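Q: Could you take me on a close look at the nonpolar core of this model, and then at what lies around it? I'd enjoy a connected walk through the residues.

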Amino acid sequence: MMNFLVKTIANAGALAVAVWLLDKITLTGDSTGKEIATLLLAALIFGLVNFLVKPVVKLLSLPLLILTLGLFTLVVNALMLLLTSWLADQLDLSFHVEGFWTAVLGGLIISVVSWALNVVLPDGD
């Protein structure tokens, strides 16, 4: 349970950095508390999408991953971010990613920041 909480906080931090750096990734709220709650819920959705959908997509795109020496992972990460944005919209959360190339850049930022935060944050195991 602690590991799940740490990963969700790392995802929230990574999403916050992507929102801060990219104008086309938006997170809005009436107050700071509502923005933080939206960010945590978006991070939870992002974590669930990465846990449930990403392995299936990676398995189905395995030939492309091998052919591009893993660079297709950037496209997979972008698709997971776009799916998170769509699910957030369906749940009336104010988190939105505008466009595929923004999602590619956002996915790259989120991957790097999430990795760095997972190194710094304690492991729950």
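A: In this predicted model, the largest nonpolar core has 25 residues, and those with the most contacts inside it are L15, I25, L81, F95, V97 and I110. At least two residues of this core come from each of α1, β1 (25-27), α2, α5, β2 (95-97) and α6. Of these, α2 gives the most, with six residues.

Setting aside neighbours within four places in sequence, I110 is in contact with A14, L15, A18, F46 and L81. Two of those partners, L15 and L81, are also among the core residues with the most contacts.

Now over to S85, which sits in helix α5 (residues 72-90). S85 is buried, because its relative accessible area is 4%, under the 20% cut-off. Beyond its neighbours within four places in sequence, S85 is in contact with F95, H96 and V97. A polar atom of the S85 side chain lies 3.0 Å from the backbone nitrogen of V97. F95 and V97 are again among the core residues with the most contacts.

Finally, there is the largest pocket, which holds about 290 Å³ of space. Two or more lining residues come from each of α1 (2-21), α2 (32-52) and α6 (100-120). The lining includes N3, F4, K7, F51 and N118, and its residues divide into four nonpolar, seven polar and one charged.

Conventions:
Residues numbered from 1 in each chain as written. Predicted model: local features only at pLDDT ≥ 70, side-chain atom pairs only at ≥ 80, totals over all residues. Heavy atoms only, no water. Helix = DSSP H or I, 4+ residues; strand = E, 2+ residues; numbered from the N terminus. Buried < 20%, exposed > 50% of the residue type's maximum accessible area, 1.4 Å probe, protein only. Polar contact = N/O pair within 3.5 Å; in protein donor to acceptor, adjacent residues only side chain to side chain. Contact = heavy atoms within 4.5 Å. 1 Å grid on protein atoms, 1.4 Å probe; cavity = no way out; pocket = protein on both sides within 12 Å on 5 of 7 lines; lining within 4 Å. Points joined across faces, edges and corners; volume = space filled by probe spheres on them. Nonpolar A, V, L, I, M, F, W, Y, C, P; charged D, E, K, R; others polar. Core = buried A, V, L, I, M, F, W, Y, C linked by side-chain atoms within 4.5 Å.
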